[in-house]
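Here are a few notes to read alongside the structure. Keep the 3D view open and look up each residue as we come to it.

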Amino acid sequence: PPEYGFDEGKPVLEHSSMLKRNAFTSFFPSPLDAHLFYDGDDDRLWMSWGGWTIYATELDPTTGRLPGDPADVEVDNCMPSCAAAILSFADSADTGGDAATPEGWEGDALSKASYVEGPALYKHDGFWYAFGSYGDLDKDYTIRMCRNPASAPNEGVFVDKDGLACTKFDAAKDRYGCSMLLGGEGLQGVPGHPHLWKEDDGREFMGYDFR
């Protein structure tokens with residue numbers, strides 16, 4: 001919206017250590033794939049973001065920045081106060097996953113890479129829905145979803161259709177909670193990076209990318 005304006009060169013969240021490290025997995029928490037959702041019911045603005053583990057962060061709806069616009073916006077300094085984990089498909093606690101995840105776990109039969117990114121938040125009929133792009137974007141991306149009955153996405157627990165928590169590893173299912181929404185079919189492969197919205201006439205849509 002035009003009232004947000006644009007303040008070039010002033011990050012909302014950053015990870016200043018990214019250039020100092022060598023291993024890709026050390027770039028965590030990963031402030032990438034930001035998605036904004038404005039909750040008009042409560043006049044609150046939310047940003048979902050992340051890789052391996054997805055987080056929700058509240059922003060000031062007037063400025064689009066962290067509340068109070070703090071000078072230090074390094075994500076590894078402000079967590080957990082500035083972010084709540086809502087989804088995970090990580091192989092270890094080092095990337096925000098459940099410590100109970102078996103060593104060497106590499107996703108499930110549908111998305112073999114233990115990774116999620118490209119999130120989105122959406123509110124519908126009193127529930128918060130969280131969506132993520134699970135797996136390897138080159139091979140087996142799928143769009144999965146979880147929902148939360150809490151009044152805000154940084155409260156309560158997101159669960160899938162089986163009632164599994166979406167940041168906890170379930171040994172019996174050999175995966176984290178996450179319900180399939182959209183997989184690849186025919187020439188439309190590796191769908192990911194969903195975005196949901198409602199038109200003025202009440203129709204709801206999801207946009208996403210695919211190969």
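1. Let's begin with a pair of histidines. The side chains of His35 and His195 are joined by a polar contact of 2.9 Å. Please keep in mind that this is a predicted model, and that the distance between His35 and His195 is computed from its atoms.

2. Where does His35 sit? His35 belongs to strand E1. Is His35 buried or exposed? It counts as buried, because its relative accessibility is 7% and the cut-off for buried is under 20%. Leaving aside residues up to four places away in sequence, His35 touches Trp46, Met47 and Ser48, then Pro119, Ala120 and Leu121, and also Pro194 and His195.

3. Strand E2 (residues 44-49) and strand E3 (residues 53-59) run antiparallel, and 5 bridges join them. One place to look is Leu45, which stands opposite Leu59 in E3.

4. There is another sheet to find. Its order is E5-E6-E7-E10, an open sheet of 4 strands with antiparallel pairing. At its edges are strand E5 (116-124) and strand E10 (179-182), each pairing on one side only. From one strand to the next, the twist averages 30°. How many bridges link strand E6 and E7? Strand E6 (residues 127-134) pairs with E7 over 7 bridges, in the antiparallel sense. As an example, Phe131 has Met145 in E7 as its bridge partner.

5. A disulfide is a covalent bond between the sulfur atoms of two cysteines. The model has 1 disulfide, formed by Cys146 and Cys166 with their sulfur atoms 2.0 Å apart. The pair links distant parts of the chain, 20 residues apart: Cys146 is in strand E7 (residues 142-148), while Cys166 is in the loop between E7 and strand E8 (169-170). The link of Cys146 and Cys166 is left-handed, with -100° about the S-S bond. Cys146 is buried, at a relative accessible area of 2%, and Cys166 is buried too, at 0%.

6. What about Cys178? Cys178 counts as buried, because its relative accessibility is 4%.

7. Last, a hairpin to look at. Strand E11 (residues 192-198) and strand E12 (residues 204-209) run antiparallel, joined by 5 bridges. Leu196 stands opposite Met206 in E12. The hairpin of E11 and E12 has 5 residues between the strands, and Gly202 takes a positive phi near 95° there.

Methods: Residues numbered from 1 in each chain as written. Predicted model: local features only at pLDDT ≥ 70, side-chain atom pairs only at ≥ 80, totals over all residues. Heavy atoms only, no water. Disulfide = S-S within 2.5 Å. Helix = DSSP H or I, 4+ residues; strand = E, 2+ residues; numbered from the N terminus. Buried < 20%, exposed > 50% of the residue type's maximum accessible area, 1.4 Å probe, protein only. Pairing = 2+ DSSP bridges. Polar contact = N/O pair within 3.5 Å; in protein donor to acceptor, adjacent residues only side chain to side chain. Contact = heavy atoms within 4.5 Å. Axes fitted to C-alpha atoms, helices over the stretch in contact; angles between N-to-C directions.
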